[in-house]
Amino acid sequence: MENYIIEEFDGGIKVKGLKNFDLTHIFECGQAFRWEKTVDNSYIIVAYGRVIELIKDASDDLIIYNTNKEDFVNIWHNYFDLNRDYDSLKLELAKTAAYKLNTSLKEAIEFGYGIRILRQEEFEMIISFIISANNQIPRIKNSIRLLSETYGEFIQEYKGQRYYSFPTPEKLASADPLEIKEICRVGFRNERIVLTSRLYLENPENFSNQLDDQTLGDNLLALPGVGPKVRDCILLFGYARGNTFPVDVWVKRLMETLYIKKTIPNKQILIYSEDLFGEHKGIAQQYLFYYARENKIGK
């Protein structure tokens, strides 16, 4: 667990003493979509019915505007995965076969040292990663914003911008698929969004965080628009299942380039990931994905 000190001021808080915490690494590593970077290099995010703005000051302390100590303790502590000791996790990754095979994982951890796996809302992640399939991040973010503005609840106006919560399953289950397609620009994913929302409402026990990885993963695969990669993204970023390894184009290329040295099917990459990274393969994937994408490894 990270140790830190919270100081309140009018309109926000300062969090001192955080380690392994970099805003760019956290929000631009592909795990979240409801954020925007300002001209001042701060990040405005929407989560859990709140709007907050974050920036690091000259002393590397975290400044969070539009929040208070109570919300940080009750919401943001868990959201930023501050119960996890990332120093210990990195030491565990240093014991893996991948770390010993070459310097790639070591370099990736150093490059993305401030990545933390966000604890995001489960239903939001299911719909968000269905939208993400065969899509690009700017378009994904725009579709999720439009979906929220159209079907979500108004939260507040902040710095001249109106912000809305992510829609509930009830709202999306009763929405017109054609309207979703036309207004929210989700393309062919419109029917999948509505049907998935209905299935989520009809059988909530099938998507409970109390289920084991295999059962939950199988239930997610039964949803329209959820294949192995989307399933693993939902498990990792929505359910905090660190023993998953999402494989997209970048991850496939980096695995083949850095470790396997040949082209193989995605299913075999999952087998390699277990041997190379062990039980922490989810966070290893994030370090490597961010490192490879930013440095165009395997392109």
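**Ground rules.** Because the model is predicted, local features need pLDDT of at least 70 and side-chain atom pairs count only at pLDDT 80 or more, while totals for chains, interfaces and linings use all residues.

**Domains.** I looked up the domain assignment (bounds from an automatic or database assignment) and found domain 1 (5-83), domain 2 (88-113 + 245-295) and domain 3 (122-239).

**Domain 1 against domain 3.** Their C-alpha centres lie 24 Å apart. The contact (heavy atoms within 4.5 Å) takes 14 residues from domain 1 and 19 residues from domain 3. I noted a buried area of about 1,500 Å², 63% of it from carbon and sulfur atoms; this is accessible area, with a 1.4 Å probe, lost on putting two parts together and summed over both. On the domain 1 side, Phe 33, Arg 34 and Val 51 lose the most area to domain 3, together 46% of what that side buries.

I then checked for salt bridges (a side-chain nitrogen of Lys or Arg within 4 Å of a carboxyl oxygen of Asp or Glu), and the rule finds one across this interface. Lys 159 and Glu 53 meet in a salt bridge at 2.9 Å, N to O.

**Helices H13 and H15.** The axes (lines fitted to C-alpha atoms over the stretch in contact) of H13 (residues 249-260) and H15 (residues 281-295) come within 10 Å and cross at roughly 90 degrees. So H13 is roughly perpendicular to H15, a label for angles of 65 to 115 degrees. Among the contacting residues I listed Trp 250 and Leu 254 of H13, and Leu 288 and Phe 289 of H15.

Conventions
Residues are numbered from 1 along each chain as its sequence is written. Side-chain values use heavy atoms; hydrogens and water are left out. Axes are lines fitted to C-alpha atoms, for helices over the stretch in contact, and angles run from 0 to 180 degrees between N-to-C directions. Helices (H or I, at least four residues) and strands (E, at least two) are DSSP runs, numbered from the N terminus. Angles under 35 degrees count as roughly parallel, over 145 as roughly antiparallel, 65 to 115 as roughly perpendicular and the rest as oblique.
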